[in-house]
Amino acid sequence: MTESPIQLYRPRTAIHPRSVAGRFRNAKYAALLLAYGVFFLLPWLRWTREVGPQQAVLFDLPARRFYIFDLVVHPQEIFWLAGLLVIAALLLFFVTGLAGRVWCGYFCFQTLWTDVYMLIERLVQGERPARIRLAKAPWSADKLLKLGGTHGLWLAVAFVTGLTFTLYWADAPVMTSRFFTGQAPFAAYATTLLLTATTYVFAGLAREQVCTYMCPYARFQSVMFDRDTLIVSYDRARGEGVEGRHKPDRELKGREARQDAGHGDCIDCGYCVQVCPTGIDIRDGLQVECIHCALCVDACDGIMDRLGWPRGLVRYTSQNALEGCRTRLLKPKTLGYGVGLLAAAALLIGSVADHPDIDVSVRQTRNPLSVTLSDGEVQNRYTVRVDNTSGRRLRLQLVVDGLPGAQIAVLPSPELLLLPEARRTVYVKVRLRPEPGQARRLTFRFRLQPLGGGESEPVSVPSQFYTR
Ligand code: SF4
Ligand code: SF4
C-alpha cells in the first residue's frame, strides 16, 4: 500500500467575500479613510521652519535628521524610537487584552490595503456570485478584460503606495518630479519597486494567508486572550437551540414555532460566512484566522433585522458572558499593561519636552594626554563639538567648572554663535599649575553658557584633566 505524502501546506481556496452594510463596516470605512488620508497626504503637507526642509514630516537620512512637525530628531535622540516601539507594543497588549484583535480588524496595513483591493475587485468584476462565475468561466475576452482591469488597478494602487512611502524620505514635490524624469536616486526607484511588489502580492494575491501564516502577532495573541477578552462570537445556545440550526421553511417560519420545535435563531443562511474576508465560519468557534473585523456581526444583524428578531446572534462578547458569567474588562493583567503604557508615554513625552537645545561632546587629545610646559604648568587639549538642536540662533560661551586656577584657551573663540541646526567644533587648551601631592586625574566639567538671555538652559559635560 502506498502512503500518501504528508501535506505541510493546505492548498488555498479562493475567497470571494460578499459585500455587507452595517455599523462595523462603517467603522472600517472610517478607519480606512483616516489611515489613507494620513498616509497619502502627509508628505505633501508643508511646514514653515526657520531652517531645514519645509515638509511637515520628513525622514532626512543624508542630513541625519527626522523632521516631525516642530520636532527635529537627531541621531543622539534615536532612543525615542525605542520608546515609541515600547509604547506601541504595550498599546497593542492593552487593546488586545480588552478588545481582542481590534488592531487586525480595523487598523492593520494588511487589512486596510486588502479591503481596498477587494473594493476594486467588486467594482470591476461585480458582486460575489458574478466573481465566482467569472473565476469558473473559461478564458474569454470579457474574463481577460475584467481580470486585467483588476490587476492593473491593484498595481496602480501598489505603485502609488510605494511612491508615497518613498516621499517620506525626500522633499515630496522635488522627488516626484525627479522620479518621473529619471533623475531620482537609485534607492528611490528600488524602494518604490519593492513596496509596489510587496503591496501587490500581500494585498492582492496572498491576502488572508499573510494573517494566517506570516503574521507573528496572530500566533502570540492567544497568550493575551482570556475568558474576559472581547471576541467576535456566535451565540451557540441561542443559535442552535437543542435541535440545532434550521433553514426557515413553511412550518418553521416564526420564531416561536422554531423555538417550540427546539431550533435556535440561526436560519443557516450562510451570510456570515460569505462576508468573511478570511473565509471562515464564525459558528465553528474562535479560530486563529479570525481577524475580528466584525463583518459577520453586520451580516447577521442585517438578517435578524429583516426577520424582526433581536440582534446579537453573532456579536462582540466574551467567553464568560456567553456562559452567563460577568465580564471583567479591567483585570490586573490589563491594568498592568495600562499602567506600563502610561508610564512609558509619560517618560517619552517628558524626554521630548525636556531635551536640551544644545548637544555637546568632548574628545580629549590622547597622545600625549598631558604636556608639562617650561613654566611648570600642565596642559591638556580637547576637541569640543557643539550642536544647536533647536530652531533658534544661539550665542554661547564655553567655560570650565570644578578646576580652580585653570586657564582656558579656545580656538577660534570662547564665544560661539550657532545658527539653528548648526554645528561648531572648537579646540580647547586647559592649563593648570598642579599642587604638590595632587591626584594624577582630576574630574571637571565643560559648561556652555547661553549669552544674552533667551530660553536655553546651560549644558555641561564631564571631562578629565591629567596632571602628569
Ligand atoms: S448570518 Fe446569522 S442566521 Fe445566517 S448563518 Fe450566520 S449566524 Fe446563522
Ligand atoms: S469570522 Fe467574522 S470577525 Fe472573524 S474574520 Fe470572519 S467576518 Fe471577520
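**A first walk around the chain**

Trainee: What percentage of the 468 residues of the chain count as buried?

Mentor: Bear in mind that this is a predicted model, where local features need pLDDT of at least 70 and side-chain atom pairs count only at pLDDT 80 or more, while totals for chains, interfaces and linings use all residues. Residues are numbered from 1 along each chain as its sequence is written, while chains are lettered from A and ligands numbered from 1 in the order in which they are written. A residue is buried if 20 or more other C-beta atoms, placed from the backbone, lie within 10 Å of its own, exposed if 12 or fewer do, and partly exposed in between. Of the 468 residues, the buried share is 24%.

Trainee: What radius of gyration does the chain have?

Mentor: Its C-alpha trace spans about 115 × 60 × 60 Å along the principal axes. For comparison, the globule rule is 2.2 Å times the number of residues to the power 0.38, and the radius is taken over C-alpha atoms. A compact globule of 468 residues would come near 23 Å, but this chain has 32 Å.

Trainee: How many Å separate the centres of domain 1 and domain 2?

Mentor: Domain bounds come from an automatic or database domain assignment. That gives domain 1 as 231-322 and domain 2 as 358-466. Taken over C-alpha atoms, their centres are separated by 75 Å.

Trainee: Which element supplies the largest share of the shell around ligand 1?

Mentor: Residues are near a molecule if their C-beta atom, placed from the backbone, lies within 6 Å of it. Ligand 1 has 15 residues around it, with C266, C269, Y271, C272 and C300 nearest. At least two residues each come from α13 (271-274) and α14. The largest share, three residues, is supplied by α14.

Trainee: How many charged residues does the shell around ligand 2 have?

Mentor: The shell has 14 residues, the closest being C276, I282, C290, C293 and C296. Ala, Val, Leu, Ile, Met, Phe, Trp, Tyr, Cys and Pro count as nonpolar, Asp, Glu, Lys and Arg as charged, and the others, Gly among them, as polar. Here 12 are nonpolar and two polar, and the number of charged residues is none.

Trainee: Does V428 count as buried or exposed?

Mentor: V428 lies in strand β12 (residues 423-432); strands are DSSP runs of E, at least two residues, and helices are runs of H or I, at least four, numbered from the N terminus. R381 is 47 residues away in sequence, yet 5.7 Å away C-alpha to C-alpha. Because V428 has 21 C-beta neighbours inside 10 Å, it counts as buried.

Trainee: How does V86 count, with 17 C-beta neighbours inside 10 Å?

Mentor: V86 is found in helix α2 (residues 79-99). Its C-alpha atom is 41 Å from that of T181, 95 residues apart along the chain. Because there are 17 C-beta neighbours inside 10 Å, V86 counts as partly exposed.
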